[in-house]
Amino acid sequence: MASREGFLTDEQREMLKIASLNVENLSSSPKSLSPSPKSPSMLLSEHQLKVPAAGKAPTAGIAVRHVRRSHSGKFVRVKKDGGGGKGTWGKLLDTDGESHIDRNDPNYDSGEEPYQLVGATISDPLDEYKKAVVSIIEEYFSTGDVEVAASDLRELGSRKYHPYFIKRLVSMAMDRHDKEKEMASVLLSALYADVISPSQIRDGFVILLESADDLAVDILDAVDILALFIARAVVDDILPPAFVTRAKKTIPESSKGFQVLKTAEKRYLSAPHHAELVERRWGGSTHITVEEVKKKIADLLREYVENGDAFEHVGV
């Protein structure tokens with residue numbers, strides 16, 4: 001059986017040897033000359049030395065789990081779970097220190113960088129389309145060039161959004177003078193079938209009817225103006241005459257849109273000579289193209305040369 005002293009340090013063995021000698025010396029002296037000597041076990045206990053049975057290593061009064069033997073043979077206290085302590089490696093997954101990634105390190109990998117969520121703005125194609133058509137309409141109201149407006153709308157693409165172009169064109173014209181209202185009607189007629197399909201024209205006016213309550217908040221006579229736009233579209237053959245009757249079945253009777261349909265039907269489309277009345281309601285001057293003006297002047301000059309009647313054409 002192995003000796004217990006094999007588990008002691010040199011210092012502890014020396015202390016045990018001195019304690020044994022003291023016991024022998026004291027045992028040979030009279031008991032009255034000195035107090036009761038301490039046994040070696042008592043002396044060793046003062047130094048917090050315990051020698052457990054079964055040959056286990058001494059732990060100096062400290063739980064075995066928290067004691068580590070150094071290379072010098074001394075026992076040192078360590079942190080719970082093996083973390084810290086002089087001459088120790090620390091805990092297996094020690095995350096007390098801040099990790100730092102050096103981008104100048106030759107072994108630097110950008111994939112090791114911590115992820116950061118960055119908000120990205122998602123653009124709505126319809127919103128982008130609406131912004132673009134406002135510029136087209138503003139330029140058209142400024143120049144009156146139908147061909148440029150048609151070309152710009154073609155280049156913009158997004159044909160499925162054309163009903164919103166109609167809504168924007170008419171609503172912008174409603175808040176302006178008669179000149180812009182007439183120009184809007186002329187542009188709708190020019191775009192019909194070639195750039196904007198008949199079904200898109202219809203859908204655009206349905207959207208206007210559904211928005212009539214909102215338009216009436218900013219435009220006092222919105223009901224009458226929108227009714228005239230619908231009547232003009234019917235007269236110009238870009239809306240079928242049955243449009244008013246069909247739309248009345250889908251628009252709530254309590255809405256401004258329903259009032260628009262009733263006004264268009266009774267005040268404008270049912271009146272005698274309503275086509276001429278509607279066409280001239282906003283002046284109608286922009287309805288005549290440059291080519292039509294040139295043709296009219298040429299016809300007048302030819303008639304003048306043929307008849308020689310200067311007085312008939314003095315007022316021209």
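I started with Asp-224, which is buried at a relative accessible area of 19%. Buried here means under 20% relative accessible area, exposed means over 50%, and partly exposed is in between (1.4 Å probe, protein chains only).

Before going on, I noted that this is a predicted model: local features need pLDDT of at least 70, side-chain atom pairs count only at pLDDT 80 or more, and totals for chains, interfaces and linings use all residues. Residues are numbered from 1 along each chain as its sequence is written, and side-chain values use heavy atoms, with hydrogens and water left out.

**Around Asp-224**

I found Asp-224 in helix α9. Helices (H or I, at least four residues) and strands (E, at least two) are DSSP runs, numbered from the N terminus. Which residues does Asp-224 contact, leaving aside its neighbours within four places in sequence? I got Thr-263, Arg-267, Tyr-268 and Arg-281, where contact means heavy atoms within 4.5 Å. With Tyr-268 there is also a polar contact between the side chains, at 2.8 Å. For a polar contact I need a pair of N or O atoms within 3.5 Å; within protein, one must be able to donate a hydrogen and the other to accept it, and residues adjacent in sequence count only if both atoms are side-chain atoms.

Next I looked at Gln-259, which sits in helix α11. Gln-259 is partly exposed, with a relative accessible area of 37%.

**Helix α7**

I checked the length of α7, residues 198–210.

Which residues of α7 are buried? I listed Gln-200, Ile-201, Gly-204, Phe-205, Ile-207, Leu-208 and Leu-209. An α-helix has 3.6 residues a turn, so residues three or four places apart point the same way. The buried residues of α7 pack against several helices, including α5 (162–174), α6 (178–191) and α11 (256–268).

Arg-202 and Asp-203 join their side chains in a salt bridge (3.4 Å, N to O). I call it a salt bridge when a side-chain nitrogen of Lys or Arg is within 4 Å of a carboxyl oxygen of Asp or Glu. Arg-202 is partly exposed at 39%, and Asp-203 is partly exposed at 32%.

**More salt bridges**

By this rule I count eight salt bridges. One of them pairs Glu-182 with Arg-232 through their side chains (2.8 Å, N to O). That pair links distant parts of the chain: Glu-182 is in helix α6 and Arg-232 in helix α9, 50 residues apart. Buried or exposed? Glu-182 counts as buried, at 1% relative accessibility, and Arg-232 counts as buried at 1% too. Together with Asp-236, Glu-182 and Arg-232 are linked in a network of salt bridges.

I also looked up Arg-280 and Glu-276, whose closest N and O atoms are 3.7 Å apart in a salt bridge. Here Arg-280 is exposed at 59%, while Glu-276 is partly exposed at 48%.

**The whole chain**

I noted 13 helices and two strands in the chain. Of its 316 residues, 29% are buried. Among contacts with a separation of 6 or more, 62% are between residues 24 or more positions apart.

Conventions. The expected span of a helix is 1.5 Å times one less than its number of residues.
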